[in-house]
Amino acid sequence: MRHLHWFQQDLRLKDNPALRSHAAADSLLCVYLMPRPKPWCNTVGLGPQRDRFLRESLVALQSELQALGQNLMVLEGSPELVLPDLVAKFGITEISLSRCHGYHEAKSLEFLERKLEIPISVHRGNTLFEPEDFPFELQDIPGVFSPFRRRVESLNINKPLAEPEYLPPPPAAQYDDIPPSLHGRHPALPLPGGPAAAERRLHQFIEVERSITRYKETRNCLDGMDGSSTLSPWLANGNLSVREVAHRIFSFERDHTANESTYWLYFELLWREFFHWRAVVDHHKLFRIGGVAGKTRQTPFEPRQFARWCAGDTDYPLVNALMRQLVATGWMSNRGRQIAASCLIHELQGDWRFGAAFFEKHLIDFDVGSNYGNWQYIAGVGHDPRGGRQFNLEKQAQQHDPEGLFTRKWDGYRAPQPLYINDAADWPITETDSRDA
Ligand SMILES: Cc1cc2nc3c(=O)[nH]c(=O)nc-3n(C[C@H](O)[C@H](O)[C@H](O)COP(=O)(O)OP(=O)(O)OC[C@H]3O[C@@H](n4cnc5c(N)ncnc54)[C@H](O)[C@@H]3O)c2cc1C
């Protein structure tokens, strides 16, 4: 039995149930395919920090696998072409993967299931719950967060699994080192990829500095590390299991103290969970200009305004600082994302999908459900009956950057490379354009 595990957003050994399914195999080929996002809404490829964080995560995974006598093969190319080739070349008899919630990932899987005549086992992804845990059918998942939260927040969450002690050996093949990123970490938020760094930050935030006890008051801080947990990059790349985070919160509450802030960190994990499962159900509607609601949304889309937003060159100093922070560090706080998104949608009358695509390119914590779902909320094309969120930018600046320190910090920063492709032939895209076209 020659097995293959296709790593995607599960770049870890701990609490990765798919890896345990190979104990009886004669060999196991561990593969990762570099993401090659298609040009979409005038963005293409991975931003410097997203590329950097991903490569660091892969290097860390490869060395963890090597410690178990295994290895990681990192290849370029689409799964539809590369995986069938590998199956033929190595005589693979079974494939495993951890469930991903993206529409395109689901389409690739459907294709492989049709094309390959071998079993493909899909294991638990990086979620708190599985569909069978829910007190409703997945198709009937509430469209709005609060009813979803009320129905799931006291469900049992499985304890994270330890990492496997044994993995079958890799087949004889060429396993290259992962080329390092051309970009270094930015000193303003030098988060390294990989499970060890994830564990250090989790330990620091919950057990060492006990910042979790003040989280509800500090979470809107615009700089990373000072306010919120900054766990999202490791969660999104699968360096860190979300069940691990939940159980560490519960242990802290049991052994030390429980207050509104400790609960609130769990509450935010439920938002992540909500967007994850909504993405599974909403399919390609996640990428439509009219969103899941299919609303008609006219935007007098002006490419130069979008370019200025991307470059941090709008008439709103706080938005400029946030956009420069995003490009430089690959991260932006939740409040920052709301302000920047609201500016593009409501002040600049931009197409929300272009903003979401720009975030997709740069965010080191890019997660398809959370990103597109949050953008839809702000644009008012999600399920939320409240119909969009417009933030008063002046008020937000007074509230979250009263002395202008954050804004000044990013004042002189200029991106080292062009921020978007300005190809007039691509403008404008239409309602029918969608990533599944
Ligand atoms: C326009 C927009 C785009 C976004 N895109 C992404 C994205 O691509 N990837 C992503 O992980 N989050 C996204 N978010 C949600 C949120 O901004 C980030 O999860 C959060 O800022 C990450 O920082 P943190 O880890 O310090 O969060 P914390 O405040 O410490 O929260 C802990 C964890 O809860 C989850 N979480 C918190 N808030 C949200 C939320 N609103 N929606 C979903 N999950 C949440 C994250 O996993 C986060 O790591 C987006 C929000 C907006 C408004």
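Helices here are DSSP runs of H or I with at least four residues, numbered from the N terminus. By that count, helix 9 gives the largest share of the shell around the ligand, with 6 residues. The model is predicted. Its chain is assigned three stretches: domain 1 (2–125), domain 2 (195–286) and domain 3 (303–426).

**The ligand shell**

- The ligand is surrounded by 29 residues.
- Ser 228, Ser 229, Ser 232, Asn 371 and Asn 374 are the closest of them.
- Four helices each supply at least two residues of this shell: helix 7 (232–237), helix 9 (260–282), helix 12 (334–347) and helix 14 (368–379).
- Helix 9 leads with its 6 residues.
- Domain 2 (195–286) and domain 3 (303–426) each give the shell at least three residues.
- Sorted by class, the shell holds 13 nonpolar, 10 polar and 6 charged residues.

**The open sheet**

- Five strands form an open sheet in the order 3-2-1-4-5.
- The pairing in this sheet is parallel.
- Strand 3 (73–75) and strand 5 (120–123) are the edge strands, and each pairs on one side only.
- From one strand to the next, the twist averages 25°.
- Strand 1 (residues 2–7) pairs with strand 2 (residues 27–33) in the parallel sense, over 6 bridges.
- Within this pair, Trp 6 stands opposite Val 31 of strand 2.
- In general, the strands of a sheet pair through backbone hydrogen bonds, in either a parallel or an antiparallel way.

**Helix 2 against helix 3**

- Helix 2 (residues 79–90) packs on helix 3 (residues 103–115) at an angle of about 35°.
- The axes of helix 2 and helix 3 are 10 Å apart.
- Their crossing is right-handed.
- Helix 2 brings Pro 79, Glu 80, Leu 83 and Pro 84 to the contact.
- Helix 3 brings Ser 108, Phe 111, Leu 112 and Lys 115.
- The classes in this contact are 5 nonpolar, 1 polar and 2 charged residues.

**Domain 1 against domain 2**

- The C-alpha centres of domain 1 and domain 2 lie 25 Å apart.
- Their contact takes 13 residues from domain 1 and 16 residues from domain 2.
- On the side of domain 1 that touches domain 2, helix 1 (residues 48–67) gives the most, with 4 residues.
- That side of domain 1 has 5 nonpolar, 4 polar and 4 charged residues.

Note on methods: Residues are numbered from 1 along each chain as its sequence is written. This is a predicted model: local features need pLDDT of at least 70, side-chain atom pairs count only at pLDDT 80 or more; totals for chains, interfaces and linings use all residues. Two strands pair if DSSP finds at least two bridges between them. Axes are lines fitted to C-alpha atoms, for helices over the stretch in contact, and angles run from 0 to 180 degrees between N-to-C directions. A residue is near a molecule or strand if its C-beta atom, placed from the backbone, lies within 6 Å of it. Ala, Val, Leu, Ile, Met, Phe, Trp, Tyr, Cys and Pro count as nonpolar, Asp, Glu, Lys and Arg as charged, and the others, Gly among them, as polar. Domain bounds come from an automatic or database domain assignment. A crossing is left-handed if the near helix is turned anticlockwise from the far one by less than a right angle, and right-handed if clockwise. Two residues are in contact if their C-beta atoms, placed from the backbone, lie within 7 Å.
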